[in-house]
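User: Hi! I'm new to reading protein models. Could you walk me through some features, beginning with the aromatic rings?
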Amino acid sequence: MKNQSSVKSFGILFFIVFLLISFWPLINSQSIRIWPLPIALIFLLLGLLKSKILIPLNNVWIKLGEILGLIIAPLVMCIIYFIIVTPIGLLMKIIGKDLLGLKFIKTKTYWIDKKEKPSMKKQF
């Protein structure tokens with residue numbers, strides 16, 4: 001019953017979230033918020049009892065995570081590519097480095113002779 005475990009985790013997670021919302025003002029020496037406490041307790045009880053009431057909310061939460069994953073992951077990868085990989089590639093091109101040995105050289109063979117014989121005993 002993977003779904004029941006997921007519902008229990010969902011209930012406990014939102015209990016913690018609403019508990020944090022309730023006690024967050026204490027950091028700034030303010031009084032606690034009262035309205036999140038009953039909501040937190042309801043989520044805790046429903047989560048511990050593995051109530052079927054939380055299943056639709058859990059499904060919505062999972063779908064939201066999937067949608068955010070479809071948007072955020074490519075965005076982060078794009079940012080990393082254009083901020084880190086592209087400048088390094090341009091710098092290597094300006095310097096004239098060919099780290100992968102991709103330059104076309106007219107030769108009989110592209111085989112690279114190794115000075116050391118490979119050993120299966122010291123692979124790393």
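Analyst: Happy to! Rings of Phe, Tyr and Trp (its six-membered ring) pair if their centres lie within 6.5 Å; planes under 30 degrees apart count as stacked, over 60 as edge-to-face and the rest as tilted. A search of this whole structure gives 7 aromatic pairs. This is a predicted model, where local features need pLDDT of at least 70, side-chain atom pairs count only at pLDDT 80 or more, and totals for chains, interfaces and linings use all residues. Residues are numbered from 1 along each chain as its sequence is written, and side-chain values use heavy atoms, with hydrogens and water left out.

User: How is the pair F14 and F18 described?

Analyst: A pair of aromatic rings is described by the distance of the centres and the angle of the planes. For F14 and F18 the centres are 6.4 Å apart and the planes are at 40°, so this pair is tilted. Both F14 and F18 are buried (under 20% relative accessible area; exposed is over 50%, partly exposed in between, with a 1.4 Å probe and protein chains only). F14 and F18 also belong to one aromatic cluster with F10, F43 and W61.

User: Which side chains meet in a salt bridge?

Analyst: Side chains of opposite charge can pair when their charged atoms come close. The cut-off is a side-chain nitrogen of Lys or Arg within 4 Å of a carboxyl oxygen of Asp or Glu. The structure has 1 salt bridge, in which E66 meets K63 at 3.7 Å, N to O. E66 is partly exposed, at 43% relative accessible area.
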